[in-house]
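Colleague: I have the sequence open next to the coordinates and would like to go through a few places with you. Could we take it bit by bit?

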Amino acid sequence: MKLHRFGRRSRHLSLAVGASLLLVLTAACGGSSEPSGNTDTDGITAPVLEGLDQAERDRVARLIAEAKNQSLTWIDSVVAPESATAMFNEFKTLYNLPDVSLTYERLTSGELSSRLQQEVMARRVNTDFFGVASPRLLAELDKAGALLDYESPQSVHYADSSKYVTQKPGRWIAPVAYSFAVVVNPAIYPKEITSWADLADPELRGNWDVPNVAANEGSLYWYVGLRSVLPLSTFEAWAANEPMTSTGSSVQEAQKVAQGQIAISITAGFRVSQTVAQTQVPLRVFHPKEGAVLSGQSYAIVNGTRNEALAKLFMDFLLSKRGQEMYTQLEGIPSFYPGVELSAEQRQYQPVLADLNLIPLDTSALTDEDLDKYRSEWTSTFNR
C-alpha cells in the first residue's frame with residue numbers, strides 16, 4: 001500500500017489508496033456492519049427517547065437495541081481521559097445502556113493519524129470513533145472509503161461551522177474548535193504579548209517553545225495562516241531568538257510553562273484552564289492582534305466497525321446540546337452549538353470565537369505542494 005509521509009513523524013494515508021483501503025477495512029472488520037438481529041424495540045426505554053417524534057424514537061430505539069452488547073473504542077487528540085469517562089457515563093444513562101463499555105486513549109494528532117494507518121495496514125481496525133484536528137487526514141480517509149456514511153440528526157446545529165473550519169457532515173463534523181495562543185508564566189515573563197512580533201524580545205532568548213511545524217499538520221496550518229498576514233522576517237526574528245521545539249502536546253506544553261521550565265509556549269489556549277485549576281499557577285494567555293487560525297476538532301466513525309450502532313448513538317450524544325455542554329465545561333473549548341457558552345473563567349484563556357480576529361484559511365484548497373513549500377520554508381528558517 002502506498003503511503004504519504006507527513007513531515008518526520010506522523011503519516012497520513014495516501015489519496016492513491018482509494019478503493020483498496022476500503023477493501024482492507026472490509027476484510028479487517030468482517031464487512032460492513034449489519035444489524036445484530038436484536039432489533040426488537042419492545043421494552044426499550046431511555047430518557048433520550050422522551051420528546052422525540054415517532055420516527056426518530058423508533059430509529060433511536062432500534063439502535064439502542066443493537067448496541068446493548070457493544071463496546072466503543074474512542075481515540076482523540078483533545079479530550080482528557082477523565083472527561084471522556086464522564087461524558088460516556090452520561091451517555092450510558094441517557095441511552096439506558098448500563099452494560100456498554102469504553103476503551104479510550106488521548107493521543108497527539110500525529111500519533112492518532114499513525115494509529116489509524118497502522119491498524120489499516122495490519123488489517124486489524126480496532127478504532128470505532130475518533131476526534132482529530134486534521135483536515136487532510138479526514139479528506140484522505142473519506143476518499144479511501146474509510147469513514148462511515150452517517151449524518152447524525154444533531155448535525156443540523158452545526159450549519160455555521162463550515163464558515164470557520166473544513167468539514168463534511170455525514171462523514172466528519174467539527175462541533176468544537178480552538179486556536180493556538182501565547183501561553184505565558186507571568187512570574188518569569190511579566191510583559192504582555194500584543195503582537196506575534198513581540199516573541200522576538202531578547203529577554204525570551206532560548207526560553208520559549210514554538211510548534212513543531214515540520215512534523216505536525218495542525219502546526220503547519222497555523223503557520224500557513226500566519227504567513228498570510230505576517231512577513232517571513234517575523235519568523236526569522238523568532239528563529240534568531242533561539243526557541244525550542246514544542247512537544248506537540250498542549251497538556252505537556254501548558255505544564256512546562258506552569259512549572260517554569262520555559263517562560264512561554266505557543267499552544268492551544270483552552271488547555272490552560274485545566275492547568276491553572278490543577279497547579280494553581282496563574283498563567284496568562286494572549287491572542288495577538290494580527291489574528292488566530294482556527295482548528296476544528298472533527299469527529300468521525302470508522303467504516304466497517306462492529307460497534308456501528310453504539311458509535312452512531314455516541315455521535316448523536318456528542319453533537320447534542322448536553323454533549324456539548326459537557327465538552328465545553330470539562331475541556332474549556334468553544335462549541336459551535338448555538339447557546340452553549342464558555343464560563344467567564346474559561347474565557348480568560350480561550351475567548352469565544354466571535355471575539356477572536358480569525359484568519360481565514362481554506363485547508364481544502366491547499367495542495368501537497370503548497371504544504372511542502374511552507375514546511376520547507378519553516379525548516380529552512382528554524383533549521384529543524
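Colleague: Which are the buried residues of H4?

Modeller: Bear in mind that this is a predicted model. In H4 the buried residues are Ser 109, Gly 110, Leu 112, Ser 113, Ser 114, Leu 116, Gln 117, Glu 119 and Val 120. An α-helix has 3.6 residues a turn, so residues three or four places apart point the same way.

Colleague: And how many residues does H4 have, and how far does it reach?

Modeller: Helix H4 covers residues 109-121, which is 13 residues, and from its first C-alpha to its last it reaches 18 Å, close to the 18 Å expected at 1.5 Å a residue. Following H4 comes Arg 123, with a positive phi near 60°.

Colleague: Stepping back, what is the mean pLDDT of the protein?

Modeller: The mean pLDDT is 89, and 90% of the residues reach 70 or more. Over residues 1-37, however, the pLDDT is below 50, although this stretch has 90 contacts in the model beyond near neighbours in sequence. Where pLDDT is low, the predicted coordinates should not be read in detail.

Colleague: Noted. How many helices and strands does the protein have?

Modeller: There are 12 helices and 11 strands, and buried residues make up 57% of the 384 residues in the protein. If you take the contacts between residues at least 6 apart in sequence, 77% of them join residues at least 24 apart.

Colleague: Now H10. Which of its residues are buried?

Modeller: The buried residues of H10 run as Glu 308, Ala 309, Leu 310, Ala 311, Lys 312, Leu 313, Phe 314, Met 315, Asp 316, Phe 317, Leu 318 and Leu 319. Because 12 of the 12 residues of H10 are buried, this helix is largely enclosed by the rest of the structure.

Colleague: What span should H10 have at 1.5 Å a residue?

Modeller: The 12 residues of H10 should span 16 Å, and the end C-alpha atoms are 17 Å apart, which agrees.

Colleague: At what angle do the axes of H10 and H11 cross?

Modeller: The axes of H10 (residues 308-319) and H11 (residues 321-331) cross at roughly 65° and come within 4 Å. Angles of 65 to 115 degrees count as roughly perpendicular, and H10 and H11 are therefore roughly perpendicular to each other.

Colleague: Which residues meet there?

Modeller: From H10, Phe 317, Leu 318 and Leu 319 meet Lys 321, Arg 322, Gly 323, Gln 324, Met 326 and Tyr 327 of H11. Sorted by class, this contact of H10 with H11 has five nonpolar, two polar and two charged residues.

Colleague: Changing topic, where does Glu 242 lie?

Modeller: Glu 242 lies in the loop between helix H7 (232-240) and strand S8 (244-245), and its phi is near 55°, a positive value in a residue other than glycine. With a relative accessible area of 46%, Glu 242 is partly exposed.

Colleague: How far is Asn 207 from Glu 242 in space?

Modeller: C-alpha to C-alpha, Asn 207 and Glu 242 are 7.9 Å apart, while in sequence they are 35 residues apart. Asn 207 belongs to the loop between S6 and strand S7 (208-210), and at 23% relative accessibility it counts as partly exposed. Neighbours within four places in sequence aside, Asn 207 is in contact with Ile 188, Gln 261, Ile 262, Ala 263 and Ile 264.

Colleague: And where is Arg 347?

Modeller: Arg 347 is in the loop between H11 and helix H12 (368-382), and its relative accessibility of 37% makes it partly exposed. Its C-alpha is separated by 8.8 Å from that of Ser 273, 74 residues apart along the chain. Apart from neighbours within four places in sequence, Arg 347 is in contact with Leu 342 and Val 352.

Colleague: Last one: is Asn 383 buried or exposed?

Modeller: Asn 383 is exposed, with a relative accessible area of 72%. Its place is in the segment after H12, and the phi of Asn 383 is near 55°, a positive value in a residue other than glycine.

Note on methods:
Residues numbered from 1 in each chain as written. Predicted model: local features only at pLDDT ≥ 70, side-chain atom pairs only at ≥ 80, totals over all residues. Heavy atoms only, no water. Axes fitted to C-alpha atoms, helices over the stretch in contact; angles between N-to-C directions. Helix = DSSP H or I, 4+ residues; strand = E, 2+ residues; numbered from the N terminus. Parallel < 35°, antiparallel > 145°, perpendicular 65-115°, else oblique. Contact = heavy atoms within 4.5 Å. Nonpolar A, V, L, I, M, F, W, Y, C, P; charged D, E, K, R; others polar. Expected span 1.5 Å × (residues − 1). Buried < 20%, exposed > 50% of the residue type's maximum accessible area, 1.4 Å probe, protein only. pLDDT = per-residue confidence, 0-100.
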